[in-house]
Amino acid sequence: MMSAFPMLSAEALAVSCLVVLMAGVVKGMVGFAMPMIMISLLGGVIGPELALAGLILPTLLSNGLQALRQGPRAAWQSLRRFRRFLLSGLVLLVLSAQMVRVLPGNVLLLLIGVPVVAFTSMQLAGWQPRLPVRGHAWVEATLGAFAGFVGGMSGIWGPPTILYLTALDTPKTEQIRVQGVIYGLGALALFWAHVASGVLRAETLPFSIAMVAPALAGMWVGFRIQDRINQQAFRTATLLVLFVAGLNLIRRALMA
């Protein structure tokens, strides 16, 4: 069996499966954080390139499952509802990707991480900003542009997206679905980008395939938990995971 994974020991493979299982549970519960958890924890067990290759297929398939959980029609409705956010984000992502060398990586991570930690801290302390569901097209386009800008520069577009959905008080089922649609499109682009870059190749593909099963098993558990918790508990769990994500961005910036 291990001949399929010449880069790994049996212990490293077992630990990797446990990490991905945990990442799947968190993603099933709140809709995001799988890449963050996998990169942060797998980096201490295996090489960074293999860790990146390992998350590509689980991320792609888990986001597809998340987006289509209520069926293609519901996914399409979410795509239409948040089309301004998605379109402005896509445009700025493409443009800002060309400027990736303008800002040092650690500065950009701080620019994302510090506001995320501050904003989530205030919300966890009781402050609850609200945006109207309708009549704020310019706000949606602006926040989508910001998410796309930081995504193109850093590869991280989750926190601004989740802050926006939380401020809208989006029902948990739709919030999970919208995240699946948004991240699924990004994961598809990531897949082709790393096929072209050589990160996903014959030597690393078996590891990425092997991580699919624990990722989907974890998501199944996370979905069961998500179905049982109410909107407020879901919101709190989302903010806690986002708070940890922000701290992780700051840690990465300070260690860079």
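Visitor: Let's start with arginine 201. Which side chain meets the side chain of arginine 201 in a salt bridge?
Guide: That of glutamate 203, at 3.2 Å, N to O. Keep in mind that this is a predicted model.

Visitor: How exposed is arginine 201?
Guide: Arginine 201 is partly exposed, with a relative accessible area of 29%. Glutamate 203 is also partly exposed, at 42%.

Visitor: How many salt bridges does the whole structure have?
Guide: Five. One of them joins aspartate 227 and arginine 224, at 3.5 Å, N to O.

Visitor: Where do aspartate 227 and arginine 224 sit?
Guide: In helix α11, residues 212-228. They are three residues apart, so about one helical turn separates them. Aspartate 227 is partly exposed at 42% relative accessibility. Arginine 224 is partly exposed too, at 31%.

Visitor: Switching topic. What's the overall fold made of, helices or strands?
Guide: Twelve helices and zero strands.

Visitor: What share of the residues is buried?
Guide: Of the 256 residues, 48% are buried. The protein exposes about 12,200 Å². Carbon and sulfur atoms supply 72% of that area.

Visitor: And contacts along the chain? What fraction comes from residues 24 or more positions apart?
Guide: 82%, counting contacts with a separation of 6 or more.

Visitor: Now the helix packing. How do α4 and α9 cross?
Guide: The axes of α4 (residues 72-81) and α9 (residues 172-197) come within 9 Å and cross at roughly 80°. Angles of 65 to 115 degrees count as roughly perpendicular, so α4 is roughly perpendicular to α9.

Visitor: Which residues make the contact?
Guide: From α4, Ala74, Ala75, Ser78, Leu79 and Arg81. From α9, Glu174, Arg177, Val178, Val181 and Leu185. By class, that is six nonpolar, one polar and three charged residues.

Visitor: Which salt bridge involves glutamate 174?
Guide: Its side chain meets that of arginine 81, at 2.6 Å, N to O. Glutamate 174 lies in α9 and arginine 81 in α4, so the pair ties together parts that are 93 residues apart in sequence.

Visitor: Is glutamate 174 buried or exposed?
Guide: Buried, at 15% relative accessibility. The cut-off for buried is under 20%.

Key. Residues numbered from 1 in each chain as written. Predicted model: local features only at pLDDT ≥ 70, side-chain atom pairs only at ≥ 80, totals over all residues. Heavy atoms only, no water. Axes fitted to C-alpha atoms, helices over the stretch in contact; angles between N-to-C directions. Helix = DSSP H or I, 4+ residues; strand = E, 2+ residues; numbered from the N terminus. Parallel < 35°, antiparallel > 145°, perpendicular 65-115°, else oblique. Contact = heavy atoms within 4.5 Å. Nonpolar A, V, L, I, M, F, W, Y, C, P; charged D, E, K, R; others polar. Buried < 20%, exposed > 50% of the residue type's maximum accessible area, 1.4 Å probe, protein only. Areas by Shrake-Rupley, 256 points an atom, 1.4 Å probe, with all protein chains shown as cover. Salt bridge = Lys/Arg side-chain N within 4 Å of Asp/Glu carboxyl O.
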